[in-house]
Structures are given as C-alpha cells and as structure tokens.
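Subject: Structure handover and notes on its contacts

Dear colleague,

I am passing on the structure that we discussed, with my notes placed after it. Please read the notes with the coordinates open.

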Amino acid sequence: MASFFGEVVTGSFRYFDDEDEDEQQEVDYRSFSVTSPPTREKKLLIVADGQLSAVYLQLVADKQKIGSLNAIGHKNSEIGTIYRGSDWTAVSCSTELQRGEYTILANTILGLTDPAATVICLTSRHISEFRGAEEERGETVVKSLKTKTFPTIDKIGRLEAPNILTGLSAGILSIAAVKGIPACLLVNYVDILTADSLSLQGFQDLHRLPVASSSSLKPATNLAAALKAVRLAASPSNLYM
C-alpha cells in the first residue's frame, strides 16, 4: 500500500500500511471472518483498533453485540467483537497481528459496509510517541487524519508530520483513501495505557464528529461508573500495556 501514498495523499500528515514484501513471501498469514455476518452497513462503521478503544466501544455499545471477529489459521481464535445499532455498526480488535495481516483484516472489516458508508477508526498511542508543540501536550491529546472525501474536521486538530501511524487503522485509512471512501482516524495519546476514565476520555471526541453525533450511538455519561459497572477497572487482567 505504501508505494502509492505519494499519488493519493496530500497535506503534511502521513499514515502508512507498513507491509514488508519479503516478509509476505515467507510467512503464512491468517485470513479473517465474522460470525453471523450482518447485512452491509449503509451509514456508519466504527473500528476500535487496540485494547483501549476496544474497552471504550464495549462501554458504549456492549448491549448491542451481534457477533465476533475471528482469525482463521492453524488455530482459529476470536480476536474482536461486532456490535450493531439502528444506524451504525462497530468492530473492535484488540489482538496483536503480524504486519502483513493488517491489510487482510482491513479489507475484511471494510467488507461489512456499503461503499457510501462513512468509516471512523479509533486507536491510541503513548504520549511519548507524539511529536508536537509543548503547549499541545496535556493529560490526553487527540488528533485526527482523514481521507479527502470525509467532511472537514473543525473541532479536532490534524495529526501533522513527523507523526506516523501504522497498524490496522492505518491500513483501513489507506484503503479508504484509494477507494474514495469517506473515512477518518482519531488517535488518542495518553500517559498510561491502562483502561480508566482518563485514558478513555479522549475517545469521547468521536461524538464531536457530526456523522457520529447524529447517530443513535451515544457517549458514556460517566466513564468511571461505566467501567465499574462492567468490572473492568478492578480486574488485574485489564492493565493494558
């Protein structure tokens, strides 16, 4: 995918689907499928990439789970969850993948939508990875990237160079840019990669985007209470590093 970024991406930001062609020839990558695949989403697809965004999606959409995302290989495994509301579909994936699998999974996830649907990706990084003005740094920093066909984002700053994102979200945004799909990515930079009300707060910016705020998916009114309700904050297994 990276070979044609110079042709399709403008502006000072960069997002890369960092596959290694030599590696692809040597590794047997898995394929991916969904259980009980829904009809294609016509309006809004939300993709939670990584453990923090997957926790946030669980808090706001848990009661609307309809299936799972599965990896198919030598040993099949569940790697994510699918949710659906009246006017949105959401997919979470919190499992680490091989680099060459991101594009395969990105295409599988985009296969859940009609070409006219809007796609929003949520992901997180440690604040130490953020390159920007010192005054931009706070307890959390949220930045955005978008394809040309996605509406202008006024309320969330753009992720500028030399910041580079890789992984599933970058793969989805790259494919969307080439196919003319309206898509954006929100990256939440946090001090601690542990699920708590502060580290999840940046994902509330999802609902500042008109396409999301006008949908039936609503933000959590109290993140701390929501975390406690699903017993995530108190579980030792939820130290997401």
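Which side chains meet in a salt bridge with 3.2 Å from N to O? They are the side chains of Arg 158 and Glu 160, where a salt bridge is a side-chain nitrogen of Lys or Arg within 4 Å of a carboxyl oxygen of Asp or Glu.

Before going further, please note that this is a predicted model, in which local features need pLDDT of at least 70 and side-chain atom pairs count only at pLDDT 80 or more, while totals for chains, interfaces and linings use all residues. Residues are numbered from 1 along each chain as its sequence is written, and side-chain values use heavy atoms, with hydrogens and water left out.

Salt bridges

For accessibility, buried means under 20% relative accessible area, exposed means over 50%, and partly exposed lies in between, with a 1.4 Å probe and protein chains only. On that scale Arg 158 counts as partly exposed at 38%, and Glu 160 counts as partly exposed at 32%. The search of the whole structure finds five salt bridges, and two others deserve a description here.

Arg 30 forms a salt bridge with Glu 101, and the closest N and O atoms are 2.9 Å apart. This pair links distant parts of the chain, since Arg 30 is in the loop between helix H2 (21-26) and strand E2 (31-34), whereas Glu 101 is in helix H4 (residues 101-110), 71 residues apart; the helices (H or I, at least four residues) and strands (E, at least two) are DSSP runs, numbered from the N terminus. Arg 30 is partly exposed at 21% relative accessibility, while Glu 101 is buried at 0%.

Asp 114 forms a salt bridge with Lys 42, with 3.3 Å between the closest N and O atoms. Asp 114 lies in the loop between H4 and E7 and Lys 42 in the loop between E2 and strand E3 (44-49), so the pair ties together parts that are 72 residues apart in sequence. Asp 114 is partly exposed at 21% relative accessibility, and Lys 42 is exposed, with a relative accessible area of 60%.

Helix H5 covers residues 168-179, and its 12 residues should span 16 Å at 1.5 Å a residue, which agrees with the 17 Å between its end C-alpha atoms; the expected span is 1.5 Å times one less than the number of residues. Because 10 of the 12 residues of H5 are buried, the helix is largely enclosed by the rest of the structure. Among the buried residues are Leu 168, Gly 171, Ile 172 and Ile 175. Just after H5, Gly 180 takes a positive phi of about 75°.

A nonpolar core is here a set of buried Ala, Val, Leu, Ile, Met, Phe, Trp, Tyr and Cys residues joined through side-chain atoms within 4.5 Å. The largest such core has 35 residues, and those with the most contacts inside it are Leu 105, Ile 109, Val 119, Leu 168 and Ile 172. A second, separate core of 33 residues includes Val 55, Ala 61, Ile 120 and Val 142.

Aromatic pairs

The structure holds two aromatic pairs, counted when the ring centres of Phe, Tyr and Trp (its six-membered ring) lie within 6.5 Å, with planes under 30 degrees apart taken as stacked, over 60 as edge-to-face and the rest as tilted. Tyr 56 and Phe 203 form a tilted pair, 5.8 Å centre to centre with 40° between the planes. Tyr 56 is in helix H3 (residues 51-61) and Phe 203 in the loop between helix H6 (197-201) and helix H7 (210-213), 147 residues apart. Tyr 56 is buried at 0% relative accessible area, and Phe 203 is buried at 1%. Phe 130 and Tyr 189 form a pair that is also tilted, 5.0 Å centre to centre with 55° between the planes, and both Phe 130 and Tyr 189 are buried.

Cysteines

With a disulfide defined as a pair of cysteine sulfur atoms within 2.5 Å, the count comes to zero. Cys 121 is in no disulfide, the nearest cysteine sulfur, that of Cys 184, being 7.7 Å away. Cys 121 is buried at 1% relative accessibility, and Cys 184 is buried at 0%.

Best regards
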